[in-house]
2 protein chains.
Amino acid sequence: MKAEIVAVGTELLLGQIVNTNARFLARQLAEIGVDSYFQTVVGDNLDRIVQALTIASQRADLVICTGGLGPTRDDLTKDAIAAWTGRRLIYDEPALSRIERFFRERGVPMAESNARQALIPEGCDPLPNDNGLAVGAALEHGGVRYIVLPGPPKELEPMFVRYARPWILAQMPQHTPLHSVVLKFAGIGESALEQKLIDLIDGQSEVTLAPYAGDGEVAVRVSVKASDQEQAMRKMSGTLADIRRRLGEHLYAEEDIPLEEAVVRQLKARGLLLSAAESCTGGLFAERITSVPGSSAVFAGAMIAYTNEFKIRHLGVPERLLSGDGAPGAISEETARTMAERARELTGSHFALSFTGAAGPDPSEGKGPGLVYIGLASDRFPTETYRLQWNGDRQSVRLRAVRHGLYVLWRKIGRE
Amino acid sequence: MKAEIVAVGTELLLGQIVNTNARFLARQLAEIGVDSYFQTVVGDNLDRIVQALTIASQRADLVICTGGLGPTRDDLTKDAIAAWTGRRLIYDEPALSRIERFFRERGVPMAESNARQALIPEGCDPLPNDNGLAVGAALEHGGVRYIVLPGPPKELEPMFVRYARPWILAQMPQHTPLHSVVLKFAGIGESALEQKLIDLIDGQSEVTLAPYAGDGEVAVRVSVKASDQEQAMRKMSGTLADIRRRLGEHLYAEEDIPLEEAVVRQLKARGLLLSAAESCTGGLFAERITSVPGSSAVFAGAMIAYTNEFKIRHLGVPERLLSGDGAPGAISEETARTMAERARELTGSHFALSFTGAAGPDPSEGKGPGLVYIGLASDRFPTETYRLQWNGDRQSVRLRAVRHGLYVLWRKIGRE
């Protein structure tokens, strides 16, 4: 089955809201193994909605409309469905009673237009709205299935999960659902990752591989059609083992979690404590770690040593490292090393990371933007430092530095 | 001019990401007076991208493609444009040198596929990418204009604003440009703001007001058509003065900058130094302040005191506040006050903010998630504390706490 989502609403065309419904429905469809090749957004205009339905029903056999079920004269989705399928709109009695009760209970007079929300195309299956007044609809016409859902996510989502999804599944008797595993990688870029897997991607048949990148993270979705999760895992096991063998030093999770969460879990499993000393990243590393619920069990805290004075007074970095003739300066391997070691000692943690560099846009200490030193101190091995150079704006340099710090930490803890 | 946005990417069809680019571009187009009747999303498939281009160019005279400019063989947008317009793809020399330099500087070998990002359709106007490697393109073919933009928002947005938008405006000779001022507000929600301006919004004619919210920020865009900026400012001056009068205590900038930037500017103008002590926000406040270029002149640093031990040892919070019978605990007004005062004293700064609370999802010290205390210490007035309670998940509680801290700081500094 091939689906197309048709989102109706001028507010989408004006950029007043983001089409998060499309994302929700796309995920749901992928989960039940319904393919999706196109999505359309169209404004609150009857002719153009019909035009969108015409195109969608030529290239899909399931058309899901969202939005345009409100009480105002701008809400035209059901009128368009009626026009396109040549059906009348009739009142759904349960929905109409619900609307009448809603206004009665509130003691507010019900406007004529409110009854519009109870309209459905004749001969359809109504989809109840447990969180609002607009009833949805599901119908078949000319070999194509149509589903009509309200726009507000808190109405659309339960309506889809409770009523529309079972309706779709009932139309797919031979259905074999798609099962997926998301593999998350760090310390490797999207193209390098693809190079390492190119033969698997090119040779894919039953088990499919889809690399993707986003928010500075690289992932591969491995999918297969199977009757249940257990059968799916059996079918995927060879491919997964192969990927683990090739990319084990980068594969930090076999589920869709961020790197910081993998690090917090590792620390927790081993009962280890972490701390940090940050200069150029300005708190971003600590913020990422503490974004993980329960991180307080593994994270002592951090010193955000933004000025040299703070580094000297609160981290105990020797002044001779920072200034004076021949001093390496704040942006140096020596300072990164000392910051990490002092943070570890001060907090009594097992690991401490440090970040010092020039995030940009201007050079700092005569060092060009994008140069970052990372220090990693531990009670179990000599302090390590990493010198890194990136292009990009201030925020992307900071993000990359933090991701790299998390990556070296993840690798080190993994060997404990 | 009528535009259609064609977003390319299987990750959109699978619901892995939300199409925020469509929102960004839709707003931009609305701003320059370009209408938009449809948006399309299509996967990484050459035939289907061409199919989407075919339909779009029948119903629009400006087709904006986003995404699919990466280095992998899944990235097919330029190939589709080339196929549809019957042009060859050639290398854009500046873009190619940029890619080569990028790999040379990193000491990483450049894969053959990376050069693909420098390809452009022959005879087009290349659109430089200031934040990435994939060059964009603008061209006219058969009376329809095409613009090709990269998928990552941090590349797409500056490319559109700096290069694509002027290119589009140059195609609209009779165009009276729209001039806008963005007013940014803090400490007030979108509906409360709208209520305060409802008569202006309802009565708008030549000067239009569009309130919008996003990323926890509330803004009003005031716009007018005018031949130049000076004429526009003259036409808007009455409305702007009225808004300033009504909402002055919330209006922190008359340009589109985040609140932290307004705070850094205030501190800089007055030669004041800031520091922080963070518990539940875990570095997010320091991260926001240091995201502003040049913040090192006004920000000493911060203590991320995530555990009680850190609070005692490195901030000097008395143990009796944190534990023992009848102790107020870490999440309390007294602790917030002490954290702020100690951070200020330790760093010798003029102001210090503190954050302590239960970010969630679980209660902390028996205090429900969403409860946050903020402390503000200064060398010029007695320490103030704020008790706040929010609904929402961990990250949104942390963001709201930081925004509220920035807001109280902004108001205080403004009175200095």
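**How the two chains meet and how their parts pack**

In this predicted model, 64 residues of chain B are in contact with 60 residues of chain A (contact here means C-beta atoms, placed from the backbone, within 7 Å). On the chain B side, the residues touching chain A split into 31 nonpolar, 24 polar and 9 charged (Ala, Val, Leu, Ile, Met, Phe, Trp, Tyr, Cys and Pro count as nonpolar, Asp, Glu, Lys and Arg as charged, and the others, Gly among them, as polar). Local features need pLDDT of at least 70 and side-chain atom pairs count only at pLDDT 80 or more, while totals for chains, interfaces and linings use all residues. Residues are numbered from 1 along each chain as its sequence is written, and chains are lettered from A in the order in which they are written.

Strands link the two chains as well. Strand β2 (residues 35–42) of chain A pairs with strand β2 (residues 35–42) of chain B in the antiparallel sense, over 5 bridges (strands pair if DSSP finds at least two bridges between them; helices, H or I of at least four residues, and strands, E of at least two, are DSSP runs numbered from the N terminus). Here Val41(A) has Gln39(B) as its bridge partner.

An open sheet of 10 strands, with mixed pairing, runs in the order β17(A)-β16(A)-β15(A)-β13(A)-β14(A)-β14(B)-β13(B)-β15(B)-β16(B)-β17(B). Its edge strands are β17 (384–389) of chain A and β17 (384–389) of chain B, each pairing on one side only. Strand β16 (residues 371–378) of chain A pairs with β17(A) in the antiparallel sense over 6 bridges, and Tyr373(A) stands opposite Arg387(A).

Now for the helices. In chain B, α2 (residues 20–31) and α6 (residues 153–170) pack at an angle of about 20°, with axes 11 Å apart (axes are lines fitted to C-alpha atoms, for helices over the stretch in contact, and angles run from 0 to 180 degrees between N-to-C directions). That makes α2(B) roughly parallel to α6(B) (under 35 degrees is roughly parallel, over 145 roughly antiparallel, 65 to 115 roughly perpendicular and the rest oblique). Among the residues making this contact are Phe24(B) and Leu25(B) of α2(B) and Leu156(B) and Phe160(B) of α6(B).

In chain A, the axes of α7 (residues 190–202) and α8 (residues 229–247) come within 11 Å and cross at roughly 160°. The two helices, α7(A) and α8(A), are therefore roughly antiparallel to each other. Their contact has 4 nonpolar, 1 polar and 3 charged residues.

Definitions and conventions. Contact = placed C-beta atoms within 7 Å.
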